[in-house]
Amino acid sequence: MPGQSCRAFQALLLLLASQMSFGTRLTADPLAKGIQDNSFFVEEAYNQEPGIVQHIINVPAFFASGSDEISFSFTQEWPIFTQTHQFSYTIPYTFIERENGFEDIRLNYRLQALMEAERTPAFAPRFSLVTPAGDASKGFGHDQLGYEMNLPFSKIVSDRVTLNFNAGGSLFSDVNDRDLWNYNLGASAIYAVTENFNLMLESVANWEQDVDSARNIDQTVTALISPDARYAFNVPNDLQIVIGAAVPIGLTSDSPDWGLFFYLSFEHPFARTQSNDAK
């Protein structure tokens, strides 16, 4: 009897341990949440958490016969008190053929209209002012204030997979007496190999208008498909460093033939919050 009681007690302990392990797996965050809001071409619909700032450096290089372009851009994203509101700005600098200079600077506001839930995607519409900082004579802007809107959706659909979708457009009014309308679409799938390593496939299309000296409007259609990878380093003091690379491939005659893309992000607290203190 004592031996049977001991074996029964051991079996009960194993059952309880297995149930606790199963419960832990159910309540743990999916691997897909390990890296968020670090895509390259398709915007993810996640605002910065309170007290967290993100610094982003993008370096895209595009190559086509007789027309190569390399750019550097710096972006900072700041929450406005809560995750509901976010301000950011983007400063780009471009080298193209024998010209180089700043392009138009974007000032961005993004509203976290929907928080992601079991049946609801994250949705964070962005409105941007495109300031005329670029030199239009070099092709780096329109010398006019522009207005841009983008509608990004994001949804974790399994433990490892996130899907993203973008749709948007921009308006530059009174450019050589013409109004220029641009449109964009984008979609991506992200697979979390591990919590800190993601493989991504992004695709974007842009319909862009420009006006020549004769006031005729030219429209170009560019489209890219891009296999990407990104890796996150989580270091002390809640600092996350994300590095990434991509090889975008052009799909239309107006697109570059191919390119290289490099990404670097630093995300860290700028103010202590209750969530930070609890970590």
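Colleague: Which residue forms a salt bridge with Arg126?

Modeller: This is a predicted model, so local features need pLDDT of at least 70, side-chain atom pairs count only at pLDDT 80 or more, and totals for chains, interfaces and linings use all residues. Residues are numbered from 1 along each chain as its sequence is written, and side-chain values use heavy atoms, with hydrogens and water left out. A salt bridge puts a side-chain nitrogen of Lys or Arg within 4 Å of a carboxyl oxygen of Asp or Glu. The closest N and O atoms of this pair are 2.9 Å apart, and the partner is Glu148.

Colleague: How many residues apart in sequence are the parts that Arg126 and Glu148 tie together?

Modeller: Strands are DSSP runs of E, at least two residues long, and helices are runs of H or I, at least four, both numbered from the N terminus. Arg126 lies in strand 7 (residues 126-131) and Glu148 in strand 8 (residues 146-156), so the parts tied together are apart by 22 residues.

Colleague: Is Glu148 buried or exposed?

Modeller: Buried means under 20% relative accessible area, exposed over 50%, and partly exposed in between, with a 1.4 Å probe and protein chains only. Glu148 has 13% relative accessibility, so it counts as buried.

Colleague: How far apart are the closest N and O atoms of Asp37 and Arg110?

Modeller: Asp37 is buried at 10% relative accessibility. Arg110 is buried too, at 3%. The two form a salt bridge, and their closest N and O atoms are apart by 3.8 Å.

Colleague: Which residue meets Glu44 in a salt bridge?

Modeller: The N to O distance is 3.1 Å. The pair links distant parts of the chain, 186 residues apart: Glu44 is in the loop between helix 1 and strand 1, its partner in strand 12. Both residues are buried. The partner is Arg230.

Colleague: How far from Asp228 is the nearest side chain of opposite charge?

Modeller: Asp228 lies in strand 12 (residues 217-235). Lys and Arg count as positive, Asp and Glu as negative; His and the chain ends are not counted. Asp228 is buried yet has no salt bridge, and the nearest opposite charge, Arg230, is away by 7.8 Å.

Colleague: Which side chain makes a polar contact with the side chain of Asp228?

Modeller: Contact means heavy atoms within 4.5 Å. Leaving out residues up to four places away in sequence, Asp228 touches several residues, including Phe40, Met200 and Ala246. Its polar contact is at 2.6 Å, with the side chain of Ser226.

Methods: A polar contact is a pair of N or O atoms within 3.5 Å; within protein, one must be able to donate a hydrogen and the other to accept it, and residues adjacent in sequence count only if both atoms are side-chain atoms.
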